[in-house]
Amino acid sequence: MLKVSNLVKYFGDELILNKVSFNVEKGNKIALVGFNGTGKTTLLKLLAGLDVDKLGSIQYHPKATIAFLPQDPNFYDKQNVATYLESYVSGDEKLSEEARKVLLRNIEIMFAGFALPTETKEKKIGQLSSGQKTKVFLTAILLKKADLMLLDEPTNNLDLPALIWLEDFLNKTESAFIVVSHDKKFLDNVSNKVFEIDWNTHDLKITAGKYSDYLVKQSK
């Protein structure tokens with residue numbers, strides 16, 4: 001689905017990523033870890049195509065679909081929630097009335113899981129709290145059913161019930177994902193592989209298994 005080869009990224013003269021190479025296949029549920037400032041968000045933006053200033057290659061399968069959840073998604077503030085969700089999920093496709101009804105039902109299911117009031121759909125995104133914004137953008141990402149989800153701190157501002165519901169969804173989804181989170185328990189509950197950006201070498205180290213397996217390996 002995704003092949004990254006010898007990816008190199010600089011900010012000015014500062015090396016951020018050094019010859020990073022990896023593959024992502026269907027079913028991969030990847031925890032992306034490393035100290036703050038090592039380049040986790042930078043890597044996700046490169047994979048999402050939001051940053052193209054790089055060396056090396058990022059190759060997706062021609063039919064692969066990608067969805068990206070940024071840390072601070074405030075650039076949709078003036079848009080109506082329901083309009084945003086429909087346009088994000090449908091993309092360029094114009095939905096039939098039947099498909100639109102199904103989508104609206106699915107939005108209601110997601111809102112119930114995230115404990116968002118139904119009337120949230122009628123609000124402007126800018127009127128929502130930080131936690132509500134996170135839940136709305138997660139709703140969009142999860143409903144998109146992309147082949148690969150890039151999730152940058154999806155647990156920020158989530159209450160415990162919403163966190164548990166998100167964990168359950170990610171464990172059941174067939175989509176691959178790469179997720180960054182400071183919640184180590186969450187990472188352990190959803191991951192089956194760990195990518196670590198090394199603070200000193202700026203390359204990527206890969207560990208098979210859950211986050212707890214990675215910690216055991218690190219302690220040896």
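1. In this predicted model, Tyr-84 counts as buried because its relative accessibility is 4%, under the 20% cut-off for that class. Tyr-88 falls into the buried class as well, since its relative accessibility is 18%.

2. Helix H2, which spans residues 81–90, carries both Tyr-84 and Tyr-88. The two tyrosines are 4 residues apart, a spacing of about one turn of the helix.

3. The structure contains 7 aromatic pairs. One of them is formed by Tyr-84 and Tyr-88, whose ring centres are 5.8 Å apart. Their planes stand at 40 degrees to each other, and the pair is classed as tilted.

4. The aromatic contacts extend to a further residue: Phe-137 is linked with Tyr-84 and Tyr-88 into a cluster through ring pairs.

5. Tyr-88 also has a charged neighbour. Lys-144 lies over the face of the Tyr-88 ring, 5.5 Å from the ring centre.

6. A separate point concerns strands E8 (residues 193–197) and E9 (residues 204–208). These strands run antiparallel and are joined by 5 bridges. Within this pairing, Lys-193 has Ala-208 of E9 as its bridge partner.

Conventions. Residues are numbered from 1 along each chain as its sequence is written. This is a predicted model: local features need pLDDT of at least 70, side-chain atom pairs count only at pLDDT 80 or more; totals for chains, interfaces and linings use all residues. Side-chain values use heavy atoms; hydrogens and water are left out. Two strands pair if DSSP finds at least two bridges between them. Rings of Phe, Tyr and Trp (its six-membered ring) pair if their centres lie within 6.5 Å; planes under 30 degrees apart count as stacked, over 60 as edge-to-face and the rest as tilted. Buried means under 20% relative accessible area, exposed over 50%, partly exposed in between (1.4 Å probe, protein chains only). A charge sits over a ring if NZ of Lys or CZ of Arg is within 6 Å of the ring centre and within 35 degrees of the ring normal.
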